[in-house]
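Try each task by eye before you read its solution.

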Amino acid sequence: MRPSPSVLEAEELASRGPKRRMLVIVNPYASTVTGRLKRLVLNALRGRYDVEAIDTAAPGHAIQICHEAAEEGFDVVVAFGGDGTVNEVANGLVGSDVPLTCLPGGATNVFCRTLGIPADLVDAAEHLLHVADVFQPRRVDVGFANQRAFVFAAGVGLDASVVKRVDSHPKVKARIGEYFFTGAALVTYAAEYVVKPPRMRVEVAGRTIDAVTTVVQNSDPYTYFASSPIRLVEGVSLTDGRLGATVLRKSGLAQMPTLMPRVFSTREGSLGRHSQIDTFTGLETLRVSTLDDRELPLQADGDYMGSFTEIEFSVKPLGLSVVA
(Lines give C-alpha, C1' and ligand atoms only; values in the text may rest on other atoms or scores of the structure.)
Protein backbone atom coordinates (compact mmCIF):
# COMPACT_ATOMS: atom_id res chain seq x y z
CA MET A 1 0.00 0.00 0.00
CA ARG A 2 1.29 3.49 -0.92
CA PRO A 3 1.89 5.84 2.02
CA SER A 4 -0.51 8.75 2.36
CA PRO A 5 0.74 12.25 1.44
CA SER A 6 0.86 13.23 5.12
CA VAL A 7 3.14 10.29 5.89
CA LEU A 8 5.38 11.20 2.97
CA GLU A 9 5.59 14.80 4.17
CA ALA A 10 6.43 13.67 7.71
CA GLU A 11 9.17 11.35 6.43
CA GLU A 12 10.59 14.15 4.27
CA LEU A 13 10.68 16.55 7.22
CA ALA A 14 12.30 13.92 9.44
CA SER A 15 14.99 13.32 6.85
CA ARG A 16 15.88 17.01 6.94
CA GLY A 17 16.87 16.80 10.59
CA PRO A 18 16.03 19.26 13.38
CA LYS A 19 14.86 22.74 12.50
CA ARG A 20 17.36 25.59 12.70
CA ARG A 21 16.78 28.12 15.46
CA MET A 22 15.66 31.44 14.01
CA LEU A 23 15.23 34.69 15.91
CA VAL A 24 13.03 37.23 14.12
CA ILE A 25 13.51 40.81 15.31
CA VAL A 26 10.45 42.81 14.32
CA ASN A 27 10.18 46.57 14.05
CA PRO A 28 6.42 46.95 14.67
CA TYR A 29 6.54 50.54 13.38
CA ALA A 30 8.03 49.71 9.98
CA SER A 31 5.91 50.84 7.06
CA THR A 32 4.62 47.43 5.88
CA VAL A 33 4.66 45.49 9.15
CA THR A 34 1.06 44.94 10.22
CA GLY A 35 -0.03 42.50 12.90
CA ARG A 36 -1.72 40.30 10.31
CA LEU A 37 1.30 40.12 8.02
CA LYS A 38 3.58 39.46 10.95
CA ARG A 39 1.47 36.46 12.05
CA LEU A 40 1.27 35.08 8.51
CA VAL A 41 5.01 35.37 7.94
CA LEU A 42 5.97 33.86 11.28
CA ASN A 43 3.56 30.95 10.82
CA ALA A 44 5.02 30.26 7.38
CA LEU A 45 8.59 30.35 8.65
CA ARG A 46 7.72 27.89 11.44
CA GLY A 47 7.23 25.28 8.75
CA ARG A 48 11.02 25.11 8.30
CA TYR A 49 12.52 26.84 11.35
CA ASP A 50 12.22 26.84 15.13
CA VAL A 51 11.12 30.48 15.31
CA GLU A 52 11.18 32.98 18.16
CA ALA A 53 10.11 36.58 17.56
CA ILE A 54 10.75 39.77 19.51
CA ASP A 55 9.36 43.24 18.81
CA THR A 56 11.76 46.14 19.25
CA ALA A 57 10.69 48.69 21.84
CA ALA A 58 13.09 51.59 21.26
CA PRO A 59 16.14 52.63 19.23
CA GLY A 60 19.09 50.42 20.12
CA HIS A 61 16.91 47.57 21.43
CA ALA A 62 17.73 45.28 18.49
CA ILE A 63 21.47 45.68 19.12
CA GLN A 64 21.13 44.39 22.67
CA ILE A 65 18.85 41.54 21.56
CA CYS A 66 21.45 40.42 19.01
CA HIS A 67 24.28 40.49 21.52
CA GLU A 68 22.26 38.00 23.56
CA ALA A 69 21.23 35.96 20.50
CA ALA A 70 24.88 35.46 19.56
CA GLU A 71 25.45 33.84 22.96
CA GLU A 72 22.27 31.75 23.01
CA GLY A 73 22.97 29.53 20.01
CA PHE A 74 20.59 30.87 17.37
CA ASP A 75 21.39 29.69 13.86
CA VAL A 76 20.15 32.85 12.14
CA VAL A 77 18.71 36.27 13.04
CA VAL A 78 16.13 37.93 10.78
CA ALA A 79 15.77 41.71 10.66
CA PHE A 80 12.07 42.21 9.87
CA GLY A 81 11.71 45.92 9.16
CA GLY A 82 13.44 48.59 7.15
CA ASP A 83 17.12 49.33 6.67
CA GLY A 84 17.31 50.91 10.13
CA THR A 85 16.33 47.59 11.67
CA VAL A 86 18.92 45.82 9.52
CA ASN A 87 21.54 48.30 10.72
CA GLU A 88 20.81 47.62 14.38
CA VAL A 89 20.83 43.85 13.88
CA ALA A 90 24.14 44.11 12.03
CA ASN A 91 25.62 46.19 14.85
CA GLY A 92 24.59 43.50 17.30
CA LEU A 93 25.96 40.60 15.24
CA VAL A 94 29.16 42.06 13.73
CA GLY A 95 32.19 39.96 14.63
CA SER A 96 30.06 36.92 15.58
CA ASP A 97 29.35 33.75 13.59
CA VAL A 98 25.57 34.14 13.74
CA PRO A 99 24.32 35.09 10.26
CA LEU A 100 21.94 37.93 9.52
CA THR A 101 19.16 37.80 6.98
CA CYS A 102 16.20 40.08 6.44
CA LEU A 103 12.56 40.45 5.52
CA PRO A 104 11.52 43.72 3.83
CA GLY A 105 9.33 45.84 6.06
CA GLY A 106 10.46 49.37 5.27
CA ALA A 107 10.15 51.88 2.48
CA THR A 108 13.30 51.03 0.51
CA ASN A 109 14.96 47.86 1.89
CA VAL A 110 18.31 48.45 0.21
CA PHE A 111 20.24 45.68 1.96
CA CYS A 112 17.53 43.09 1.29
CA ARG A 113 17.77 43.81 -2.41
CA THR A 114 21.55 43.87 -2.33
CA LEU A 115 21.56 40.36 -0.84
CA GLY A 116 19.14 39.16 -3.53
CA ILE A 117 16.12 38.83 -1.25
CA PRO A 118 12.85 39.76 -3.03
CA ALA A 119 11.39 43.18 -2.27
CA ASP A 120 7.89 41.70 -1.85
CA LEU A 121 7.34 40.43 1.70
CA VAL A 122 5.49 37.23 0.73
CA ASP A 123 8.12 36.37 -1.88
CA ALA A 124 10.86 37.11 0.64
CA ALA A 125 9.34 34.77 3.22
CA GLU A 126 9.10 32.02 0.60
CA HIS A 127 12.74 32.71 -0.28
CA LEU A 128 13.80 32.17 3.35
CA LEU A 129 11.91 28.87 3.41
CA HIS A 130 14.03 27.68 0.48
CA VAL A 131 17.17 28.95 2.23
CA ALA A 132 16.55 26.36 4.96
CA ASP A 133 17.34 23.61 2.44
CA VAL A 134 20.55 25.25 1.17
CA PHE A 135 21.71 27.00 4.31
CA GLN A 136 25.10 28.43 3.33
CA PRO A 137 26.15 31.50 5.33
CA ARG A 138 28.81 33.74 3.80
CA ARG A 139 30.75 36.68 5.12
CA VAL A 140 30.54 40.27 3.88
CA ASP A 141 32.34 43.50 4.69
CA VAL A 142 31.07 46.04 7.20
CA GLY A 143 31.72 49.77 7.10
CA PHE A 144 32.16 51.88 10.21
CA ALA A 145 31.43 55.54 10.87
CA ASN A 146 33.28 56.12 14.13
CA GLN A 147 32.02 53.16 16.18
CA ARG A 148 28.76 52.65 14.29
CA ALA A 149 28.64 49.83 11.75
CA PHE A 150 26.81 50.25 8.45
CA VAL A 151 26.10 47.62 5.83
CA PHE A 152 25.53 49.60 2.62
CA ALA A 153 26.04 53.37 3.01
CA ALA A 154 26.63 56.26 5.38
CA GLY A 155 26.65 59.98 4.71
CA VAL A 156 27.70 63.30 6.19
CA GLY A 157 26.00 66.51 5.13
CA LEU A 158 23.00 66.90 2.82
CA ASP A 159 21.82 63.27 2.73
CA ALA A 160 22.09 63.04 6.53
CA SER A 161 20.11 66.28 6.93
CA VAL A 162 17.44 64.85 4.64
CA VAL A 163 17.28 61.63 6.69
CA LYS A 164 16.97 63.68 9.87
CA ARG A 165 14.02 65.57 8.41
CA VAL A 166 12.36 62.38 7.12
CA ASP A 167 12.85 60.53 10.42
CA SER A 168 11.04 63.34 12.24
CA HIS A 169 7.85 62.45 10.28
CA PRO A 170 7.66 58.64 10.50
CA LYS A 171 3.97 58.37 9.53
CA VAL A 172 4.46 60.36 6.33
CA LYS A 173 7.62 58.36 5.58
CA ALA A 174 5.68 55.10 5.93
CA ARG A 175 2.83 56.34 3.73
CA ILE A 176 4.64 57.77 0.69
CA GLY A 177 8.20 56.42 0.99
CA GLU A 178 10.74 57.59 -1.59
CA TYR A 179 8.53 60.47 -2.76
CA PHE A 180 8.71 61.95 0.75
CA PHE A 181 12.50 61.60 0.60
CA THR A 182 12.54 63.54 -2.67
CA GLY A 183 10.39 66.32 -1.26
CA ALA A 184 12.42 66.44 1.94
CA ALA A 185 15.62 66.65 -0.11
CA LEU A 186 14.37 69.70 -1.98
CA VAL A 187 13.17 71.43 1.19
CA THR A 188 16.36 70.64 3.10
CA TYR A 189 18.57 71.76 0.26
CA ALA A 190 16.75 75.09 -0.09
CA ALA A 191 16.64 75.74 3.66
CA GLU A 192 20.12 74.61 4.73
CA TYR A 193 22.49 74.11 1.78
CA VAL A 194 22.03 77.01 -0.64
CA VAL A 195 23.32 79.99 1.35
CA LYS A 196 25.46 78.70 4.21
CA PRO A 197 25.82 74.90 4.25
CA PRO A 198 27.91 73.19 6.92
CA ARG A 199 31.48 72.96 5.71
CA MET A 200 33.68 69.89 6.08
CA ARG A 201 37.22 68.83 5.32
CA VAL A 202 37.62 65.40 3.77
CA GLU A 203 40.94 63.59 4.00
CA VAL A 204 40.81 60.79 1.45
CA ALA A 205 43.32 58.90 -0.71
CA GLY A 206 46.13 61.31 0.07
CA ARG A 207 44.02 64.36 -0.78
CA THR A 208 42.36 67.07 1.29
CA ILE A 209 39.05 68.35 -0.08
CA ASP A 210 36.79 71.08 1.31
CA ALA A 211 33.20 69.99 0.81
CA VAL A 212 29.56 70.14 1.90
CA THR A 213 28.59 66.46 1.65
CA THR A 214 30.37 63.09 1.75
CA VAL A 215 28.69 59.74 1.06
CA VAL A 216 30.54 56.50 1.85
CA GLN A 217 29.42 53.17 0.39
CA ASN A 218 30.12 49.62 1.49
CA SER A 219 28.18 48.24 -1.48
CA ASP A 220 26.50 49.30 -4.70
CA PRO A 221 23.90 50.78 -5.20
CA TYR A 222 23.61 53.64 -2.73
CA THR A 223 19.82 53.34 -2.61
CA TYR A 224 16.75 52.82 -4.81
CA PHE A 225 14.06 55.11 -6.16
CA ALA A 226 11.12 52.75 -6.59
CA SER A 227 12.71 49.89 -8.56
CA SER A 228 15.56 51.95 -10.00
CA PRO A 229 19.01 51.80 -8.37
CA ILE A 230 20.71 55.10 -7.52
CA ARG A 231 24.45 54.75 -8.12
CA LEU A 232 26.68 57.47 -6.68
CA VAL A 233 29.97 55.59 -6.94
CA GLU A 234 30.10 52.30 -8.82
CA GLY A 235 32.32 49.27 -8.44
CA VAL A 236 31.96 48.83 -4.68
CA SER A 237 31.49 45.25 -3.52
CA LEU A 238 30.38 43.68 -0.25
CA THR A 239 33.42 41.40 -0.35
CA ASP A 240 36.33 43.50 -1.64
CA GLY A 241 37.41 44.82 1.76
CA ARG A 242 37.21 48.42 0.55
CA LEU A 243 34.89 51.43 0.64
CA GLY A 244 33.81 53.91 -2.03
CA ALA A 245 33.11 57.60 -1.49
CA THR A 246 31.42 60.49 -3.26
CA VAL A 247 32.36 64.04 -2.24
CA LEU A 248 30.28 67.10 -3.18
CA ARG A 249 32.39 70.24 -2.99
CA LYS A 250 29.72 72.91 -3.51
CA SER A 251 25.93 72.97 -3.28
CA GLY A 252 24.92 76.39 -4.66
CA LEU A 253 22.00 77.08 -6.96
CA ALA A 254 24.29 76.84 -9.98
CA GLN A 255 25.21 73.22 -9.23
CA MET A 256 21.83 71.58 -8.60
CA PRO A 257 20.26 71.79 -12.10
CA THR A 258 23.16 69.81 -13.54
CA LEU A 259 23.74 67.59 -10.51
CA MET A 260 20.29 66.06 -9.96
CA PRO A 261 19.88 64.57 -13.46
CA ARG A 262 23.23 62.84 -13.01
CA VAL A 263 22.13 61.36 -9.65
CA PHE A 264 19.21 59.64 -11.40
CA SER A 265 21.07 58.84 -14.62
CA THR A 266 21.55 55.22 -15.67
CA ARG A 267 24.73 56.07 -17.60
CA GLU A 268 27.81 54.55 -16.02
CA GLY A 269 30.02 57.07 -14.19
CA SER A 270 27.72 60.00 -15.01
CA LEU A 271 27.80 61.55 -11.54
CA GLY A 272 31.58 61.30 -11.21
CA ARG A 273 32.01 63.52 -14.28
CA HIS A 274 30.24 66.47 -12.64
CA SER A 275 32.53 69.43 -12.00
CA GLN A 276 31.75 69.56 -8.26
CA ILE A 277 31.96 65.82 -7.59
CA ASP A 278 34.94 63.64 -6.68
CA THR A 279 34.50 59.87 -6.49
CA PHE A 280 36.83 57.29 -4.96
CA THR A 281 37.00 53.50 -4.73
CA GLY A 282 39.41 51.10 -3.03
CA LEU A 283 39.43 53.00 0.28
CA GLU A 284 40.33 51.51 3.65
CA THR A 285 39.79 54.74 5.60
CA LEU A 286 38.80 58.38 5.23
CA ARG A 287 38.25 61.20 7.67
CA VAL A 288 35.67 63.99 7.71
CA SER A 289 35.89 66.95 10.10
CA THR A 290 34.08 70.24 10.50
CA LEU A 291 35.58 73.41 9.05
CA ASP A 292 33.37 75.99 10.78
CA ASP A 293 32.79 74.55 14.29
CA ARG A 294 29.27 73.36 13.40
CA GLU A 295 28.62 69.71 14.11
CA LEU A 296 28.08 67.60 11.00
CA PRO A 297 24.95 65.42 10.62
CA LEU A 298 25.57 61.69 10.08
CA GLN A 299 23.29 58.98 8.70
CA ALA A 300 24.04 55.26 8.54
CA ASP A 301 21.94 52.90 6.40
CA GLY A 302 19.23 55.53 6.15
CA ASP A 303 18.88 56.30 9.88
CA TYR A 304 19.97 59.56 11.50
CA MET A 305 22.82 58.99 13.98
CA GLY A 306 23.36 62.49 15.39
CA SER A 307 25.91 65.24 14.74
CA PHE A 308 29.68 65.17 15.20
CA THR A 309 32.70 67.41 14.71
CA GLU A 310 34.76 64.52 13.33
CA ILE A 311 33.89 61.18 11.71
CA GLU A 312 36.38 58.42 10.92
CA PHE A 313 35.27 55.93 8.29
CA SER A 314 36.81 52.46 8.07
CA VAL A 315 35.96 48.96 6.91
CA LYS A 316 36.07 45.55 8.59
CA PRO A 317 36.61 43.01 5.80
CA LEU A 318 34.25 40.01 6.05
CA GLY A 319 33.10 41.24 9.45
CA LEU A 320 29.50 40.05 9.20
CA SER A 321 27.95 36.68 8.43
CA VAL A 322 24.83 36.72 6.21
CA VAL A 323 22.59 34.14 4.62
CA ALA A 324 20.24 34.79 1.72
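**Exercise 1. Find what share of the residues is buried.**
Buried residues, those under 20% relative accessible area with a 1.4 Å probe and protein chains only as cover, make up 48% of the 324 residues in the protein. This is a predicted model, where local features need pLDDT of at least 70, side-chain atom pairs count only at pLDDT 80 or more, and totals for chains, interfaces and linings use all residues. Residues are numbered from 1 along each chain as its sequence is written, and side-chain values use heavy atoms, with hydrogens and water left out.

**Exercise 2. Describe the nonpolar cores.**
Start with the term: a nonpolar core is a set of buried Ala, Val, Leu, Ile, Met, Phe, Trp, Tyr and Cys residues joined through side-chain atoms within 4.5 Å. The largest one has 72 residues, and Val77 is among those with the most contacts inside it, as are Val24 and Phe111. Next, look around Val77: leaving out residues up to four places away in sequence, its contacts (heavy atoms within 4.5 Å) include Leu23, Cys66, Val89 and Leu100. Finally, a second, separate core of 23 residues includes Ala145, Phe150, Met200 and Ala245.

**Exercise 3. Work out how contacts span the sequence.**
Take the contacts between residues at least 6 apart in sequence; 73% of them join residues at least 24 apart.

How values were computed: Buried means under 20% relative accessible area, exposed over 50%, partly exposed in between (1.4 Å probe, protein chains only).
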